[in-house]
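Have the sequence and the coordinates open as you read.

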Amino acid sequence: MVRAIKWVDEVVENAPYVTTLETLDTYNCDFCVHGDDITTTSDGTDTYHLVKAAERYKECKRTVGISTTDLVGRMLLVTKSHHERDETKGPNKNDLKEVGLSQDGRSPYTGTKQFVPTTKRIAQFSEGHEPKPNDKIVYVAGAFDLFHVGHLDFLEKASQYGDYLIVGIHSDPVVNRYKGSNYPIMNLHERVLSVLTNKYVSEVIIGAPYTVTMQMINDFKIDAVCHGMTPILPDVDGSDPYEIPKEIGIFHRIDSSNDLTSDMIVQRIIRNKFLFEERNKKKEAKEVYIENMIRKQ
């Protein structure tokens with residue numbers, strides 16, 4: 001995932017948690033950069049104290065409103081109803097929609113602030129270049145929720161169908177309609193910026209229509225429309241959203257050879273939370289048992 005970020009030139013695997021000067025020198029790095037959220041070792045030591053002392057440390061402002069902790073919190077909301085797909089058993093649908101659509105960007109469940117972008121931020125993430133006259137333009141669309149390596153492998157394969165890849169990102173209500181009441185986990189703006197970080201992506205359509213129309217094909221001069229191996233669900237009126245691309249012979253199914261989905265990631269989080277709670281229960285029971293034994297003595 002990190003290698004596919006368009007600003008990344010090289011990845012150092014198994015890097016030390018405490019950044020050393022040797023690491024910087026080995027890979028010809030002038031300095032180390034981190035956000036302004038402090039990270040420490042288990043004993044409280046600043047993990048960047050060595051590079052700071054050598055004046056080879058730079059700091060940038062952390063992006064407010066988005067973090068791994070926030071996303072995990074949103075995924076765990078689903079566990080209150082055991083991730084029920086049955087709408088009648090799940091959390092209140094209107095409340096869940098507020099997570100992605102609330103005007104103040106605040107989740108009614110987690111209480112965490114969500115990322116609210118500005119035009120400047122979107123411009124920073126955008127490529128900013130138009131397709132060349134003879135470029136073959138490829139279009140794909142989807143939720144791209146919890147942007148993961150499954151999405152990455154699909155986009156890499158899709159990019160091979162042409163020269164300029166446009167990704168349509170469906171709006172929160174559209175994703176909610178075909179994914180269920182607890183989705184999307186990330187709101188539209190978060191999903192847009194996640195996709196824009198990818199080096200295979202040339203342009204993004206924010207809130208793309210679910211059905212690919214002839215007008216859309218003509219407006220964006222689309223030569224190929226691609227979709228993965230996931231089921232294609234009908235539009236609200238029951239029609240096939242890819243009917244026109246199929247009719248004019250520009251539709252392609254792509255097998256990315258990666259079956260990872262956003263649902264699988266959510267299930268991992270839920271499973272690990274359950275195991276964590278079970279370990280804590282056993283630990284607490286053991287502590288109570290020992291305390292009782294001591295009292296009896």
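Q: Is H7 largely enclosed by the rest of the structure or largely exposed?
A: This is a predicted model, in which local features need pLDDT of at least 70, side-chain atom pairs count only at pLDDT 80 or more, and totals for chains, interfaces and linings use all residues. Residues are numbered from 1 along each chain as its sequence is written, and side-chain values use heavy atoms, with hydrogens and water left out. Helices (H or I, at least four residues) and strands (E, at least two) are DSSP runs numbered from the N terminus, and buried means under 20% relative accessible area, exposed over 50%, partly exposed in between (1.4 Å probe, protein chains only). Six of the eight residues of H7 are buried, so H7 is largely enclosed by the rest of the structure.

Q: Which residues of H7 are buried?
A: The helix is followed by Gly-180, whose phi is positive, near 120 degrees. Within H7, the buried residues are Asp-172, Val-174, Val-175, Asn-176, Tyr-178 and Lys-179.

Q: Is Leu-146 buried or exposed?
A: Leu-146 is not a glycine, yet has a positive phi of about 50 degrees. Its place is the loop between strand S3 (137-142) and helix H6 (149-159). Relative accessibility is 8%, so Leu-146 counts as buried.

Q: Is Ser-257 buried or exposed?
A: Ser-257 also has a positive phi without being a glycine, near 60 degrees. This serine lies in the loop between strand S7 (251-253) and helix H11 (262-296). Its relative accessibility is 65%, so Ser-257 counts as exposed.

Q: Which backbone nitrogen does the side chain of His-148 reach?
A: His-148 lies in the loop between S3 and H6. At 6% relative accessibility, this histidine counts as buried. A polar contact is a pair of N or O atoms within 3.5 Å; within protein, one must be able to donate a hydrogen and the other to accept it, and residues adjacent in sequence count only if both atoms are side-chain atoms. At 3.4 Å, the His-148 side chain reaches the backbone nitrogen of Ser-262.

Q: Which residues is His-148 in contact with, leaving aside neighbours within four places in sequence?
A: Contact means heavy atoms within 4.5 Å. With those neighbours set aside, the partners of His-148 are Met-1, Leu-260, Thr-261, Ser-262 and Ile-265.

Q: How much space lies in the largest pocket?
A: Rolling a probe the size of a water molecule over the atoms shows where empty space is left. On a 1 Å grid over the protein atoms alone, a pocket is an open set of points where a 1.4 Å probe fits, with protein on both sides within 12 Å along at least five of seven lines; lining residues have an atom within 4 Å of a point. Grid points are joined across faces, edges and corners, and a volume is the space filled by probe spheres set on the points. The largest pocket holds about 1,500 Å³.

Q: Which of the 33 lining residues are closest to the centre of the largest pocket?
A: Elements giving two or more residues to this lining are strand S1 (32-35), helix H3 (68-76), helix H5 (119-125) and helix H8 (188-196). The largest share, four residues, comes from H3. Closest to the centre are Ile-5, Thr-63, Ile-66, Phe-125 and Thr-197.

Q: Which residues are closest to the centre of the second largest pocket?
A: This pocket holds about 870 Å³. Its lining has 34 residues, and those closest to the centre are His-151, His-227, Thr-230, Pro-231 and Thr-261.

Q: How many salt bridges are there?
A: Side chains of opposite charge can pair when their charged atoms come close. The rule asks for a side-chain nitrogen of Lys or Arg within 4 Å of a carboxyl oxygen of Asp or Glu. By that rule, the count is 11.

Q: How far apart in sequence are the parts that Arg-56 and Asp-25 tie together?
A: The two form a salt bridge, with the closest N and O atoms 3.0 Å apart. Arg-56 lies in the loop between helix H2 (49-53) and strand S2 (57-60), and Asp-25 in helix H1 (residues 21-26), so the pair ties together parts separated by 31 residues.

Q: How many residues apart are Arg-295 and Glu-291?
A: Their side chains meet in a salt bridge (2.7 Å, N to O). Arg-295 is exposed at 63% relative accessibility, whereas Glu-291 is partly exposed at 40%. Both lie in H11, about one turn of the helix apart, a spacing of four residues.
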